[in-house]
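Please open the model in a viewer and keep the selection tool at hand. The stops below are given in the order in which they may be selected.

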Amino acid sequence: MSSATTEEVIDYSVTPPLVEGNPSLAKINDSIALPTERWPSKKYFAALSVTLTMLLIGAVALGYTLYYGIGMWGNNIPVGWAFDITNFVFWIGIGHAGTLISAILFLFRQRWRTGIARAAEAMTIFAVMCAGIFPLIHLGRPWYALFIIPVPNQHGLWVNWNSPLVWDVFAVSTYFTVSLMFWYIGLIPDLAMMRDRTTSKVKKMIYSILSLGWRHANRQWQHYEKVYVILAGLATPLVLSVHSIVSFDFAVSILPGWHTTIFPPYFVAGAIFSGFGMVLTVLIIIRKVFNLEYIITKDHLDKMAKVTLLTSMMVAYAYLMEPFIAWYSGSPFDWYTVVARATGHYAIGFWVMIACNVLIPQLLWSKKVRRNVAVLFVISLLINVGMWLERYIIIVTSLYRDFLPSSWHIYTPTIFDFGILIGVFGLFFTLVLLFSRTLPVVSMSELKGVTEGAHPHHNFGAGHE
Amino acid sequence: MSEKRLYGLAAIFDTPEKVVAAARAVAGRGFTKYDSYSSYPIHGLDSAMRLKRTRIPFVTLVAGLSGAVLLVLFTWWTNSVDFPLAIGGKPYFAWPDYVPLMFEMTVLFGAVSTVIALLVVWLKLPRNSHPLHDTEFMKKVSKDKFGICIESDDPGFNETETRRFLEDLGAESVDSVYDEPVDISLKQKVLDPKFIAAIVVVAVVSSATTYLALNKMLLIRPWSSLNAQFKVNPESRSRFYSDGIGMRPPVTGTVARGHLPDPITVSDNLAAAEKYLVNPVLPSPHVMEVGQRDFNTYCSPCHGYFADGNSRLQGQFPSPPSLHTDSLRLAPDGLYYNVITNGFQGVMPSYARQIPRKERWAIVWYIRALQKAQNPNGPEAK
């Protein structure tokens with residue numbers, strides 16, 4: 001057992017280098033800025049045409065919805081929420097992994113995050129933008145959305161501060177604002193680097209405006225670093241609060257299947273789980289398309305897969321706890337909802353959800369699976385499917401069988417529901433593609449800071465300060 | 001044009017070790033107006049440059065706390081003072097409900113203020129006119145080199161000496177950076193034709209857009225959907241019913257609530273009917289109040305407040321008789337009821353539509369009270 005010659009043998013006794021091959025600082029600049037400076041490949045345009053087609057389908061479906069009203073959807077009383085709020089909760093959840101990677105892992109000094117944080121934060125912002133569409137359009141008359149904002153108006157009315165729906169608006173808009181600032185602050189030094197290397201006059205002007213005239217000066221870095229820590233510290237509890245508040249939309253009601261105290265932690269765990277699924281999907285595509293395998297390494301994917309596995313177990317715990325509490329509470333309505341979920345009209349969705357969220361992630365116990373990019377990609381897609389179904393099951397199966405049998409109703413989505421669903425995925429991936437073409441997908445300044453020899457007398461791999 | 005001026009000397013170093021050592025030496029030499037440059041934050045550079053800890057966290061603390069406090073004040077004022085909102089028997093100031101938003105506002109205010117404080121107050125950005133911009137020095141630093149720039153404003157600065165000092169520290173190259181201020185004329189030219197043309201274009205475009213938005217766009221769907229509802233609008237033809245009338249006449253014999261038809265009408269034998277009618281309403285303070293209110297509203301304009309015919313409209317209409325004559329005092333309750341219901345000889349109209357039946361009987365009680373009050377020993381007392 002002396003020599004290990006196979007390529008996939010990893011010595012876990014030493015921390016693997018965060019950036020493979022120890023590239024020079026100039027090479028980092030070159031390779032990360034390359035996608036923004038080169039005319040994109042045919043593959044890129046092929047991908048963009050697919051996402052733009054999806055976006056167009058969504059735009060048509062949304063146009064019909066706005067013109068004729070939300071009667072175009074399958075929603076009807078008692079199933080007043082269906083695809084709309086499912087998509088909202090799903091996309092908000094997707095965003096959470098981005099903040100987790102950029103803020104929480106930053107606070108825990110998990111320096112492997114540098115390779116993936118920028119893309120994950122961008123994903124957060126795009127996901128929250130996608131999510132924000134749904135509360136607006138589910139109003140039916142979206143121009144009345146401003147009624148939820150407490151501004152003086154001719155009715156002399158204010159909002160009802162006791163309502164979780166008001167909290168939701170505040171939480172999501174705060175989350176979007178803080179995520180955007182966090183992302184932008186991280187981008188400023190990189191934008192300055194882009195400004196200094198570009199030869200195009202127009203690009204230089206744009207980068208100069210966006211980088212605000214950053215000078216890479218240490219008297220700037222000194223304050224900048226502190227602010228970055230503060231923002232990470234603020235974003236960390238924020239991300240936990242946002243999905244808790246989203247879950248209050250359900251948990252504060254009295255509907256069986258919604259009225260449970262496990263919802264806030266359950267939603268947060270589910271959000272991180274689904275978000276990591278989406279981060280894996282997006283990053284596997286980005287590292288492949290832009291040849292960033294040595295920056296977004298298999299070690300990154302391995303670690304993300306471990307977080308995914310952990311959160312999958314947390315979600316599984318919630319799946320177990322829900323029926324247990326329904327049974328233990330002795331409430332026949334609660335128990336009936338559990339039974340109707342597992343055996344009723346939407347039973348297929350329920351069991352697919354269990355398979356995708358609980359059973360399939362168990363494959364990630366195996367190191368071979370975690371380091372097999374193709375398998376990991378498929379698993380991440382299945383997790384996305386499973387987590388979308390989770391929200392669908394929570395919302396629809398609680399509503400379609402409520403207290404009064406006379407109001408029971410089977411919900412069937414229409415072509416417009418699916419159109420908007422496709423469209424919002426199109427929007428998300430279009431934004432991801434545009435982002436990866438226009439801005440550095442990896443933080444150059446942070447990546448430089450974790451290469452070997454970046455700091456004087458710095459023993460690589462050991463902690464500092 | 002002002003002359004170009006030496007801003008400072010910019011030295012390039014090729015490793016982080018060298019730049020940290022150089023920064024320590026520059027600080028040790030007593031320079032204060034200098035800065036180190038690198039495209040990522042280098043650990044140990046702050047202490048080498050002898051920089052003090054940043055005070056930005058205080059901004060976050062104060063702004064975050066004020067966010068929470070302002071939220072509480074705002075929720076309290078809106079839901080307890082300005083428009084008290086009763087929700088499910090909860091107190092107006094239901095503070096546990098505000099806790100999630102207190103947290104959100106702490107984060108929002110803290111984060112926004114911190115970022116603004118960093119960019120605007122501490123770093124004085126945006127500033128794209130710094131002399132170091134667009135120099136070879138900045139391009140190198142931005143890529144893979146490290147730099148130190150000592151400003152000429154520093155009291156210890158001497159071009160040749162400082163250059164040698166930097167070269168001795170192991171600098172790869174030392175460049176002079178010049179400040180070339182751009183002469184921007186701040187003189188206002190209000191009557192400049194270009195400016196006037198721009199104003200006119202802006203005015204025309206903005207008013208046209210406003211006009212189109214308010215007068216055209218709002219009248220097309222979906223914004224007009226409030227006007228395009230499937231309902232019967234007044235003075236419009238119904239497309240649902242064949243006769244075009246949207247408001248359907250009620251089924252024959254339909255009676256409105258509280259408006260059962262009277263058992264007697266003018267065509268009946270009045271005198272006979274009046275005799276058999278008994279006031280079905282028992283007198284009570286409330287009945288008397290209702291009677292007084294209705295009498296003052298409907299009867300007093302002609303009959304006067306005391307039913308004596310001395311009224312506000314006296315002389316403009318045929319004066320009604322005083323109700324205090326002996327014959328009227330002796331008349332049965334049914335007479336009064338009948339007259340209110342059906343009117344009297346074409347002079348007094350029917351009040352059946354205005355006054356519900358029970359209230360007519362209450363008026364009768366009030367008239368009786370007025371008669372007693374005017375003359376306690378009237379003929380009916382005997």
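Begin with Asp35(B), whose bridge partner in S3(B) is Cys149(B). The model is a predicted one.

**The sheet of chain B**

S2(B) pairs with strand S3 (residues 146-151) of chain B in the antiparallel sense, over 4 bridges. Next, display the whole sheet: it is open and antiparallel, and its 4 strands follow the order S2-S3-S1-S4 in chain B. At its edges are strand S2 (34-37) and strand S4 (173-179) of chain B, each of which pairs on one side only. On average, neighbouring strands of this sheet are turned by 20° against each other, direction ignored.

Helix H1 lies across strand S1 (5-13), S2 and S3 of chain B and runs at about 20° to S3(B).

**Two cis peptide bonds**

Most peptide bonds are trans. Remaining in chain B, select Leu125(B) and Pro126(B): the peptide bond from the former to the latter is cis, with omega near 0°. Pro126(B) is placed in the loop that lies between helix H4 (99-122) and helix H5 (136-143) of chain B.

Move to chain A and select Ile77(A) with Pro78(A). The peptide bond from Ile77(A) to Pro78(A) is cis, and its omega is near 10°. The loop that holds Pro78(A) lies between helix H2 (42-68) and helix H3 (83-107) of chain A.

**Positive phi in chain A**

Most residues other than glycine have a negative phi. Select Arg109(A), which is not a glycine and yet has a positive phi of about 55°. Arg109(A) is in the loop between H3 and helix H4 (114-137) of chain A.

Continue to Leu212(A), where phi is also positive, near 60°. This residue is found in the loop between helix H6 (201-211) and helix H7 (218-251) of chain A. Is Leu212(A) buried or exposed? Leu212(A) counts as buried, because its relative accessibility is 13% and the cut-off for buried is under 20%.

**A serine in helix H14**

Finally, select Ser436(A), which lies in helix H14 (residues 415-438) of chain A. With 2% relative accessibility, Ser436(A) counts as buried. What does the side chain of Ser436(A) reach? The side chain reaches the backbone oxygen of Leu433(A), at 2.8 Å. To complete the view, show Pro35(A), Tyr44(A), Phe290(A) and Val441(A), with which Ser436(A) is in contact when its neighbours within four places in sequence are left aside.

Note on methods: Residues numbered from 1 in each chain as written. Chains lettered and ligands numbered in written order. Predicted model: local features only at pLDDT ≥ 70, side-chain atom pairs only at ≥ 80, totals over all residues. Heavy atoms only, no water. Buried < 20%, exposed > 50% of the residue type's maximum accessible area, 1.4 Å probe, protein only. Polar contact = N/O pair within 3.5 Å; in protein donor to acceptor, adjacent residues only side chain to side chain. Contact = heavy atoms within 4.5 Å. Pairing = 2+ DSSP bridges. Axes fitted to C-alpha atoms, helices over the stretch in contact; angles between N-to-C directions.
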